[in-house]
Amino acid sequence: MQKLLIHKITIKNSPIFREITFSPSAHFNVFSGASGAGKSVLMESILALFGLRECNAQVLEATLELQGFKEEFKGLIDEGEVILTLTKKDKIRFFLNAQNIPKKKVQELFAPFLKHLSTKMDDATSLENLFLVFDSFCLSKDSKYKVLLDAYKDSFVQFQTAKVALKKIQEEALKVEELKEFVRFEIQKIESLSPKKGEYEELLELKKEISKKEKINESLQEVQEFLNHSPQVSHFLNLIGRENDSILNAFSELEELCAQESERLGELENINPEEILNRLESLGALKHRYGGVEEALEYLEVKKRELTKYENLDSILKDSKEEFQSAKESLIQSANTLQKAREKWVINFNYTLDQSLNSLKMPNAKVLFKPIDEVESYMPFGNQILEITLNTDLKNLSAGEFNRFRLALLLTQSAQEKNQALIILDELDANLSGEESQGVAEALKKLSCNYQVFAISHQPHMPSLADTHFLIQKHSQGSEIILLDQKGRIYEIARMISGNTITKEALEFATKRIEGE
């Protein structure tokens, strides 16, 4: 189960609010007040907290209850109470429980929980969103539907993977001779050098020894001249009665070391320095290109495998075609099965959507599935296009009609889901008739069973049905947010009906609406 609730919101140093804190209801919250008091600024602040608007305050903070977020966020935060903070100083920063988090992560984390209805947004009528609503409806009606839906999604991914793999191999087949020639050239270039692990380092050391050869030879001759006097040293020690084996052993070790070095110098004489330098230059170029001799040898093995693949491409191409065909047949089968399951529920879905539309004083909908004939054109959500029309194409709806249609979709979807999420609305009932506004208010009241609703209204219908009614009032020092009691709600609804000069009739109407709940 997914759940997001805002328990408390604090705003500091915004263009309208100096410092305010308020605690919304878990269900239907309505904000009213005179024009310019700060209602839209408040909604912008709430949206900014979730990365959907630019920050309009120095500090925004919300105490949230969060459950059921995506697996990739586990470890970043724990489920339960979360403090979300947004600060704006030299730059904007987001924090979850005092832990700095990128804005993009905030957007990804909260996106599944947010519904913002304000201006006309095309994504609401996208195929993806329409199928999301329809599939949610079917999932609530048919326990086997999820299996069919998951099977299609899996087969679609497998088909796309097989399609990409086949295309790549077919492209390689068209230029296989060119690829073979290039790979052979790469292999020959490395193999002709026949590099060995550690060889470059060994040659560098050898180069150093060659460069010191003359100096070592001169020093060696001087030491050997000194060693020629070792019998005199031995005679001297005998004469003074101080025979010392350690001194004589040292002479012996030194003689042996000189013999070894003399032999080593003899070997160096047989080495051509120019060949060493040329070899180092070749290995150095190899190292520069591949990162090292070991990396070059690894690259060599990769290229050998590539060459084997190209030489056996006919067989690989045949296997890839068979895999593609198998994935295609599997996709067609799962798509047809899902199609039949959807067609079973389309009438029921249409009826439920019409009920939602009628409650919002909107015309009935016509729900149609149009087949996609070409398998190559199948979509992630099926082999059909879901088309919903009213008395006109959805693209031709006015902003008010469009948002009421979105509410109808939410009602149809919400009736099947028990998730707790947020709906944020900015004057959704503006320019609506009283009957239409009443329908919107009743729809939001119904949605507030599964959503925490934040709505701005200039008409009396939403405040009459709200669980919590806040008045935003402007003063010389800035605006404040006032939680209205029953008496306050009556007077504010009366003001919304009759203006600043509250009439007796407006008060009576407001009293009936509030006390008659």
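## Charged pairs and a negative patch

Arginine 404 counts as buried, at 5% relative accessibility. Keep this residue in view as we walk through the model, which is a predicted one. The side chain of arginine 404 meets that of glutamate 436 in a salt bridge, at 3.6 Å from N to O. Arginine 404 sits in helix H13 (residues 399–414) and glutamate 436 in helix H14 (residues 434–447), so this pair ties together parts that are 32 residues apart in sequence. Glutamate 436 is partly exposed, with a relative accessible area of 21%; the cut-off for buried is under 20%.

The count of salt bridges comes to 15. Another of them joins glutamate 301 and lysine 304, whose closest N and O atoms are 3.9 Å apart. These two are three residues apart in helix H11, so about one helical turn separates them. Glutamate 301 is partly exposed at 39%, and lysine 304 is partly exposed at 32%. Both belong to a salt-bridge network that also includes Glu191.

Stay with helix H11 for a moment. Glu201, Glu202, Glu294, Glu295 and Glu298 form a negative surface patch. Helix H6 (199–211) and helix H11 (293–311) are the elements that give two or more residues to this patch, and H11 gives the most, with three. Glutamate 295, found in helix H11, is partly exposed, with a relative accessible area of 36%.

Finally, look at the loop between strand E2 (19–22) and strand E3 (28–32), where you will find serine 25. Serine 25 is buried, with a relative accessible area of 14%. Beyond its neighbours within four places in sequence, serine 25 is in contact with Gln452, Asp467 and Thr468.

How values were computed. Residues numbered from 1 in each chain as written. Predicted model: local features only at pLDDT ≥ 70, side-chain atom pairs only at ≥ 80, totals over all residues. Heavy atoms only, no water. Patch = residues over 30% accessible without salt bridge, like charges linked within 9 Å, V, L, I, M, F, W, Y side chains within 5 Å. Areas by Shrake-Rupley, 256 points an atom, 1.4 Å probe, with all protein chains shown as cover. Salt bridge = Lys/Arg side-chain N within 4 Å of Asp/Glu carboxyl O. Lys, Arg positive; Asp, Glu negative; His and termini not counted. Charge placed at Lys NZ, Arg CZ, Asp CG, Glu CD. Helix = DSSP H or I, 4+ residues; strand = E, 2+ residues; numbered from the N terminus. Buried < 20%, exposed > 50% of the residue type's maximum accessible area, 1.4 Å probe, protein only. Contact = heavy atoms within 4.5 Å.
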